[in-house]
Amino acid sequence: MSAIQLNQRTFAMPTLSSLPKVSSTRMRIGVTVVIGLVAIVLTQLVLSILTDQGAYEMANLKAQRHELTTSSDILSAQVDSLASNQNLANTAQSLGMIPNSSPVFLRLSDQSLIGKPKAAYFDANHQVSRNLVPNAAMTTRSHLTPTVAAVSNNVVTEQLPAAPVTLSAGELPVSPTH
Amino acid sequence: MTLLTPGDPRKRRRLFTASIAVFAFLLVFRLFAYQVVDAGAINKVSKESRSKTRTIQALRGDIIDANGNVLAHSVYTYDINAAPKNVGPINAVRNGNDVTLTVDQQAAEIARILHATKEEILSKISGNGVYSNLAKGVSAAQYRALQNLQLPWLYYDPILSRTYAEGATTGGVVGFVGVDGMPLAGIERQMNSCLAGVDGQETYQRGVDGIRIPSSAVVSQRAENGRTVQLTINKDLQYLAQNQLYSEVQRYRADWATAIVIEVKTGKILVAAEAPSVDSNDFGVATDDSRKSRIFETSFEPGSTMKTITAATLIDTGRGTPTTKTVAPYSMKIPGQVVYDSHNHPTEHLTLTGVLRDSSNTGIINIGQAIPKQVRYDYMKKFGFGVKTSVNFPGEASGILRPASLWDGTTDKVSMFGQGVSVTPIQMAMAYQAIANKGVRLQPVLVDGCRDSSGNLSPVPVGAPTRVISESTATQTLAMLEKVVEYGGIGKTASLSEWRVAGKSGTAQISNDNGIGYGYLHAVSFIGMAPVEDPKYVVAVTFFKPRTVSTSLGATPSFRYIMKKALLMGGVPPSTTKSKPILMDW
């Protein structure tokens, strides 16, 4: 009985039929979309990596720029110090330098000399005066090497003569120092 | 049982499609709500969590001298801070070796760089705080040295500061800027509208790691750096004058001294030196008096340098000539007091030129009283006394020149030789500039202009020239002043062997602080011009309250030194002509 009934149910089941076949066009579109999506994801991933890389590189470059700016500031401060009149005055004095107290001018129009040329000579009153003007920005000073200091000491003690330079008319004075 | 019944596939598909459609609709609805309805609020919250706004600091402009040498510019200095709670022994590399440094050793290293003691540093890094300032405004070199220590508990804040390469050489003129960046004195203050930049603003976004997201920056306001102020000062000549004054102030134990060099044809101030002066890098250590520019801000009774003005007035009004004769006794009674000459002498018979040569007080009164006081007052006004110059320096004084109607009998007489009126050093220097410039007084020029980043210079307005005396009067006055240098007891010490020099000394009494009477110390001056045949420079030197000299002999060495340097640096050839004789005694 039950077998008959089962058979009857079996017979009552509808016949299975295959779905309509997907056309090749639709297939291509599907594949294209999937490939496109994958490509987009991959591109986004690559861009993201590159962007992150760029951010770190930029941070690194900024740090480098800061370091270089600091180095530049340090060097500028040293140059300013060494070029300051205060440092130049002190260095000139330690080198035994003497200002020219007898100016001579050459007038080009008639090639004549104006002024009385005299040789520079050393005495304490003529030496460049040491610096007295404060300068807190002068953090670097000229350091004379022992050789230069020794030479300058010799110059100071040499006591050059104060004899005037003799000239032929229309000629430039020749320095008596050698 | 029904459920087990195979359904219609089309029906199932429709049901599935409908469900998807409903779900999609819900998503679209929500999306619309996010993207359109709530978009503004969401964007705001999002940006706030990722965005950071920072100020782009504008750089303050430079101050440069006449030759483009930088006198003031902006640099970064650093505040050094520590987090005491993190301080402890660390492992570090020193001289290539791995070492463990105790807190004591770390403090000693910091102290060496900051020029402090180890104890000072230790006191600042003890405790459990998160912030302690160790030093403010340290240099880039110190900052670099501290960085190299690689101490993990040290932090650095960069601060924009000003540095002045020439220190006190130009301190009085250039002024200084406070730690908060506010200009406090001098050109820094006066020309702030040119020097100050405009800060900008930038907003950018950060990732979760705090790193700035590239291309996310939006500059809402671009920073505009300040422009450059160009002065007329020659910093080398200024230094030579300044150093000379420092030396002489020590030698004479004077309160202070000033020296001015004016270019006669342009009115440009090449030197405005004073000692002691403020070092703009370290203005905190200067006294209040040294922080200002006395050349513009201090007035005093000038003394005998005013006799030149009286003499020029006499000639210009036709009431005298260089050879007008007068008598000069040692003393003379005037209303309210007795006037003396500087040294005892028998009554002398002098011309106006002789009066200037000997700087006779009685002589100038005798000869000058021919001028009505109102006329003298008018001439003094024309010479620029009693009003500020067009430099309009911060805190500039106008001096004191009361109306002639208020002059009493004493003032009427003593004002002829520079007492009873007060002037600033720049006013008196410009009065002599008028004489050197054929009678035309120019307004002094301290600032050439404001230069933008393209190099375009916007000149600063300068007051109009004033014809004070005729050209003939100026020439005659100049000739008389040359005789002062050629034959005067003090004047001779101002002469230069290579150039013809004209000038006048002044030894003025200084009124007591309470305004009653005069003290025993003086203000000694010498003002002159060279070369006389075509004056290029006026040099004015003043020493205030020198203790080891009481006459203008204290001012002439500096005058000679500065004038000679100015002539040499200006390339002025030595004089080739000589003065003409003028009758001085009769």
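**Domains, chain contact and a helix**

Guide: In chain B, the C-alpha centres of domain 1 and domain 2 lie 43 Å apart. This is a predicted model, in which local features need pLDDT of at least 70 and side-chain atom pairs count only at pLDDT 80 or more, while totals for chains, interfaces and linings use all residues. Residues are numbered from 1 along each chain as its sequence is written, and chains are lettered from A and ligands numbered from 1 in the order in which they are written.

Visitor: Which residues does each domain of chain B cover?
Guide: Domain 1 comprises 55-83 + 105-231, and domain 2 comprises 235-569; the bounds come from an automatic or database domain assignment.

Visitor: How many residues does the contact take from each domain of chain B?
Guide: Domain 1 of chain B gives 29 residues and domain 2 of chain B gives 25, where contact requires C-beta atoms, placed from the backbone, within 7 Å.

Visitor: Changing topic, how many residues of chain B are in contact with chain A?
Guide: The contact joins 33 residues of chain B to 31 residues of chain A. Helix 9 of chain B gives the most to chain B's side, with six residues; helices (H or I, at least four residues) and strands (E, at least two) are DSSP runs, numbered from the N terminus.

Visitor: And which residues are buried in helix 3 of chain B?
Guide: B:Gln106, B:Ala107, B:Glu109 and B:Ile110 are buried, meaning that 20 or more other C-beta atoms, placed from the backbone, lie within 10 Å of a residue's own.

Visitor: What follows helix 3 of chain B?
Guide: B:His115 follows helix 3 of chain B, and its phi is positive, near 55°.

Definitions and conventions
Contact = placed C-beta atoms within 7 Å. Buried ≥ 20, exposed ≤ 12 C-beta atoms within 10 Å, placed from the backbone.
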